[in-house]
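Here is a short briefing on one protein model. The points are grouped by topic for quick reading.

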Amino acid sequence: MPRARAFRRTDVAAAMDDAERARRDGPEREGWLRFGPYLSERQWSSVREDTTTDPDSWRSFPHDHARSRIYRHGEDGIAGISDDRNLLCLALSQWNERDPILKERFFGLTNDEGNHGEDAKEYWFHTDATPTASYLRLLYKYPQTAFPYQQLIDTNASLGRDDPEFELLDTGIFDDDRYFDVDVEIAKAAPDDLVMRVTAHNRGPDPAPLHLLPTLWFRNTWSGPEDADTVATVSDEPRPALRGLDATTVEAQHPRLGVWTLQTTTDAALLFCDNETDTKRLWGRDGVSAFPRGGIGDHVTRGTATVNPDAVGTKVGAHHIATVPAGGTMRIHVRLRRGAGDEVPGMSVAECDEVIAVRVAEADEFYASLRGPDTSDERALVLRRALAGMIWCKQYYEYPVARWLRDRGQRPFAERNGRNARWAHVRAGAIISMPDSWEYPWFAAWDLAFHTLPLALVDLAFAKQQLELLLDADYLHPDGQIPAYEWGFDDVNPPVHAWAALNLYAIEGMSRGQGDVGFLTRVFDRLLLNFTWWVNRKDADGNDIFQGGFLGLDNIGVFDRSAPLPTGGVLEQSDGTAWMAGFAQAMAKIAAELAVHDASYLPLARKFAEHYLWIAAQVYGTSDGAALWDDDDRFFYDSIRFDDGNRERLRVRSIVGLLPLAASVTVHPGPGEGDGDGDDGSARGWLAGFVDEFADFLPLLRNLPAPAADGRVLVSLVDEYRVRSLLRAMLDEAEFLSPHGIRSLSRRHLDQPYVFSSGAGVSSVAYVPGDSDSPMFGGNSNWRGPVWMPVNVLLVRGLVELHEYYGPAFTVEFPTGSGNEATLLEVARSLAARLISLFERGDDGRRPSHGSHPVWSREHWRDQLLFFEYFHGDDGSGRAASHQTGWTGLVALLIFLLGDEDGLRRLVG
């Protein structure tokens, strides 16, 4: 091999910082993004890997199969990196000489194993990442004693829904600090030159053995589906191959990726096997390879002869072994770069360390640029960790539905019954921002729209591409429906894409002085079809009162809102109607903005403004008696319209009744616009004329506030009276206001559950601030009390919009009953600060999201952050998915906006 050459800073393309590199378009951008953290943290037990017709996909591909069975549509691993198709993957495996299996992937419970649904049962943290993945860092806490797989399964199986979950911490496995902090860093010297450095710290009191295996493998794209009853077919396509050149070098050849070389140090043994299913272990029949997928793990943990002595295969592990002294460390390096083994320079450990040092300095510089003058060190840490999690949640997602249906024995396009059968046109194969890197390794439509806002801080081009992705013909149904998520594309998520597009446009305007009109045009044109789908499919009576089903709020209702009502009739939904009012508002505002550049959009601005007014008029009462607003309670409720025409309100005081506050937009006069008197040809002028013409017929219009002196117009579902009424409830600590944000259900229902009786039985809704006590929608999601980040951000933005119209003279009591008056902007800032406080150390040194376990106050735990799906409505402890820096990553946007005095206002201005 050629001798190592000295490393120079210029060799890592350091001429431009990482923020600039992320902004670059064209071949250079694509090169830096070709490899990234695109390896899922859980591919097993996913719908796309299920080739059975069993509706419970959790059982079709269990964790126990993952080490022995190939995946069809992706790969998974620990601290992994891959190309943007998961064809060539590099991740870390490890063994502590106590576990029964090699640790190649994180463990957790499936939906039917957990007492609150699926749940990751390990501790790892996404500690750093840059936009182009030029630097990535992950910390994993690996126990030194045998991992309690069966104990976690059995104990959780014995628990009920009212019991707290049994976590890995509860086993006592970390009590004496007998674990390794395995710190994995990945840095790019160039787009096609990657360094992995692993540093394992023994936190325990005694020396402990550790095996570390950086593992390189090819995804198996040449074999068909295989199970107990089906033998895989093998295609004739050219196969990739790995071969050892010497004791420290592996050459990797792939027909699509070309030739790459993996280098390690002389203290590692290279172990080869084939990424083929171990049919002998799983189903008792001979397979295509004597050295199958789990061969390396079996060899390391049991000494079996299951690695290829000829040093060839499609999977290789660089096996490092050490006994790490108490308080000591073990460090290893590997390097992966494009080129044949006899062409690339030799590997130097010092050079690898220098590459990492340069990239760390760049990461520090990049995140410093996001820190405002008012951002504390504590908040800067939370922002950096949240955005790192967002970047780590970028994963390759492949789901060719027609092929998947065929593998299940169905006829694509001919059969319309069964999971996703109506979506045979979907050809998903892209890098997508996942809601959670382990628990939800699949896209969800409204989650993805929220993700784009914090992503815009680190990679605006990727954020815009993500918002457009599900509107592409490979995803959007020909009838205009956006696919919800892989468990049920037919389900309906709230229509927030237009709202997100406006926010992205504003964020780009804040950073570059002008938003991307082309992006806004493309999104608007595609959302025309989706808006029409909503109007045609989710307004049962054509009266602008909308349904929609669960709409992402899972168990918030008395009934499963996606199922037929047990009472018969139709559920008229306050949130569905508010979502559609907001959708129409956003489309009107987008069209008005586009009309500044192209006058042909002005009629569309008027069309959507009028549609909004039709919806708004129905909210307060129609000719047939429908009304979602209750004058006695001064709150919005869902109602049932029975088959005989009668109605009954479902008096559940939930976030559903507060969402109309978010359907508020202040329209500022544009260049050259008049005073909005109806004669200037502007959208604002048309709105004024509409109000004058129809106010006598629509009471809502009479209550709309007049244009402000500077021409500002408020378009809102709530007038001043209703703003004050709703805020009186929302800002009441005995109802919705918690120390850490707005609860999803009023705390009043703790002592006063809502009970609904009918011929079908008795149903009730009570305040449950933590984990769900209901099996509805899998039981792992709870909207009956906890604090959820995305709807809180919607409300914060709604308050800022209202402040933009009413100004500082408009104040409300905050909190309710305190005697303290605050402007709506001050309330918005305070709510944002309460949300951020979930992750900040309090006066007692603890972070509310960590919960009460004492381990979180220890030195090596207290600054490691998890971004949970939702948070306890009283104490703020994190619940459900623990790596949901999808929409919980919105906390980074709040920190960024609160970094200077006018940040929140600039988002809406």
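**Briefing: a buried aspartate, an open sheet and aromatic pairs**

Beyond its neighbours within four places in sequence, Asp575 is in contact with Leu551, Leu553, Arg561, Asp638, Val656 and Leu659. The model is predicted.

**Asp575**

- Asp575 belongs to helix α14, which spans residues 574–597.
- Is Asp575 buried or exposed? Its relative accessible area is 0%, so Asp575 is buried.
- The side chains of Asp575 and Gln573 are joined by a polar contact of 3.3 Å.

**The sheet**

- Which strands make up the open sheet, and in what order? There are 9 strands, and the order is β6-β7-β8-β9-β17-β13-β12-β11-β15. Their pairing is antiparallel.
- The edges are β6 (124–129) and β15 (312–313). Each has a single partner strand, so one side of each has no neighbour in the sheet.
- Strand β7 (residues 135–143) pairs with strand β8 (residues 179–190). This pairing is antiparallel and runs over 9 bridges. Within this part of the sheet, Arg137 has Glu185 in β8 as its bridge partner.
- In a regular strand, side chains alternate between the two faces of the sheet.

**Strand β12 and its partners**

- Strand β12 covers residues 249–254 and is mostly covered, with 5 of its 6 residues buried.
- On one pairing, strand β11 (residues 241–246) is joined to β12 by 5 bridges, and the two run antiparallel. A hairpin of 2 residues connects β11 to β12.
- On another pairing, β12 meets strand β13 (residues 258–263) over 6 bridges, also in the antiparallel sense. Here the hairpin has 3 residues between the strands.
- Ala252 in β12 takes part in both pairings: Leu242 stands opposite Ala252, and Ala252 stands opposite Trp260 in β13.

**Helices across the sheet**

- Helix α7 (residues 349–368) lies across β6, β7, β8, β9 (193–202) and β17 (329–338). Its direction makes an angle of about 85° with β8.
- Helix α8 (residues 377–392) lies across β6 and β7. Helix α8 runs at about 95° to β6.

**Aromatic pairs**

- How many aromatic pairs are there, counting rings with centres within 6.5 Å? The count comes to 51 aromatic pairs.
- Trp783 and Trp788 have ring centres 3.9 Å apart and planes at 5°, so this pair is stacked. The cut-off for stacking is planes under 30 degrees apart.
- Trp783 is buried at 0% relative accessibility. Trp788 is buried too, at 1% relative accessibility.
- Tyr805 and Tyr806 form an edge-to-face pair, with 5.1 Å centre to centre and 80° between the planes. Tyr805 is buried at a relative accessible area of 11%, and Tyr806 is buried at 15% relative accessibility.
- Which residues do ring pairs link into a cluster? They are Trp446, Phe450, Trp499, Trp579, Trp783, Trp788, Tyr870 and Trp887.

**Lysines over rings**

- Lys141 lies over the face of Trp861, at 4.5 Å from the ring centre.
- Lys394 lies over the face of Phe462, and here the distance from the ring centre is 4.2 Å.

Definitions and conventions. Residues numbered from 1 in each chain as written. Predicted model: local features only at pLDDT ≥ 70, side-chain atom pairs only at ≥ 80, totals over all residues. Heavy atoms only, no water. Phe/Tyr/Trp six-rings, centres within 6.5 Å; stacked < 30°, edge-to-face > 60°. Buried < 20%, exposed > 50% of the residue type's maximum accessible area, 1.4 Å probe, protein only. Lys NZ or Arg CZ within 6 Å of the ring centre and 35° of its normal. Helix = DSSP H or I, 4+ residues; strand = E, 2+ residues; numbered from the N terminus. Polar contact = N/O pair within 3.5 Å; in protein donor to acceptor, adjacent residues only side chain to side chain. Contact = heavy atoms within 4.5 Å. Pairing = 2+ DSSP bridges. Axes fitted to C-alpha atoms, helices over the stretch in contact; angles between N-to-C directions.
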